Amino acid sequence: MNKLYRRFDRFCSRHYDKGIPNLMLFVSAGIAIVYLFSFIDPSGAIYRFMCYDRSAILSGQVWRLITYIFIPDTNGLLFLAIQLYFYYIIGRILERDWGTLRFNIFYFTGVLITSLAALALNAHATAFYINFSLFMAYASLYPENRVLLFFFIPIKMKYLAVAYLALTVFGIIGGRFPSNLLPLFALFNYILFFWPEMKNMVNSSRRRYSKESINFRRQMNDIRNQNSKAGPNWAESAKVYSGGGQKPYRHKCHICGKTDTEYPNLDFRYCSKCNGYYCYCPDHIHNHIHVE
């Protein structure tokens, strides 16, 4: 499984700029256009033509498998404008950090999973569930970023994500079957892309209280104290990291295990938000869960 993820990372890195650039700009613009046309045509013909309809899809109207993402999921103009701007900013940041191809695959995989799940469950699909996975991805990558709740209450993304997830769980428990199960498939899309980071977070929490981890942190703290003015002593750090019969190296990605010995052309960096000297390769410096 790890090899499959590494191959996927390498594929996305090689084709970083492939796909549809500024995808969320087109999605947001499409939603805004459909919303404006709903005033011109109050009969709802556009909605009936584009919305997700299982019977219509099975009869050959396959465009509904994707056009439903342009149907607004709110009626208020102010809330719709805030929603479109928020998800446009999230999409732009994810595309900047991941690359166009990876973000396109993430978004359209969510569309595909939601469409097929709604088709199998005979449920009504909306863009809400896809935006939910976008929100969770952004909150995982930038948990310390703050947004203004109700325009004046600053709250960190990690707390907002927990509250959002709790409300989603309550909606699944108390919702109407089978539509209440669709958020689970949105979470599946999120887990599918963030599984290595989630697995690493669990393993890190286990290692944190192990004897080897305690000794490792003591060694790193000694190195940090000895070099507090001159910066970290990478030669000493290399001695700590390069154990177990591996070739000596100075930098090793905390996620995928790449080292500067195996990949001398990669630009390894250390995350300032992680608690300790955790090194990451270019593929994961902006795509990891911070160690706390």
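Axes here are lines fitted to C-alpha atoms, and the angle between two helices is taken between their N-to-C directions, anywhere from 0 to 180 degrees.

**View 1. Helices H8 and H9 cross each other in this predicted model.** Two packed helices are described by the angle between their axes and the distance between the axes. Here we have H8, which covers residues 128–141, and H9, which covers residues 157–174. Their axes come within 9 Å and cross at roughly 145°. As for its hand, the crossing of H8 and H9 is left-handed.

**View 2. Now let's zoom in on the side of H8 and the side of H9 that touch.** H8 brings Phe128, Phe132, Phe135, Met136, Tyr138 and Ala139 to the contact. From H9 come Met157, Leu160, Ala161, Tyr164, Leu165 and Thr168. Sort these residues by type and you get 11 nonpolar, one polar and no charged.

**View 3. Residues 232–245 are a stretch to read with care, as their pLDDT is below 50.** For the protein overall, the mean pLDDT is 79, and 81% of the residues reach 70 or more. Leaving aside near neighbours in sequence, residues 232–245 still have 21 contacts in the model.

**View 4. Stepping back, the protein is made up of 12 helices and four strands in its secondary structure.** Out of 292 residues, 40% count as buried. The accessible surface comes to about 17,000 Å², and carbon and sulfur atoms account for 63% of that. Take the contacts between residues at least 6 apart in sequence: 62% of them join residues at least 24 apart.

Conventions. Residues are numbered from 1 along each chain as its sequence is written. This is a predicted model: local features need pLDDT of at least 70, side-chain atom pairs count only at pLDDT 80 or more; totals for chains, interfaces and linings use all residues. Side-chain values use heavy atoms; hydrogens and water are left out. Helices (H or I, at least four residues) and strands (E, at least two) are DSSP runs, numbered from the N terminus. A crossing is left-handed if the near helix is turned anticlockwise from the far one by less than a right angle, and right-handed if clockwise. Contact means heavy atoms within 4.5 Å. Ala, Val, Leu, Ile, Met, Phe, Trp, Tyr, Cys and Pro count as nonpolar, Asp, Glu, Lys and Arg as charged, and the others, Gly among them, as polar. Buried means under 20% relative accessible area, exposed over 50%, partly exposed in between (1.4 Å probe, protein chains only). Accessible areas come from the Shrake-Rupley method with a 1.4 Å probe; for residues, only the protein chains shown count as cover. pLDDT is the predictor's confidence in each residue, from 0 to 100.
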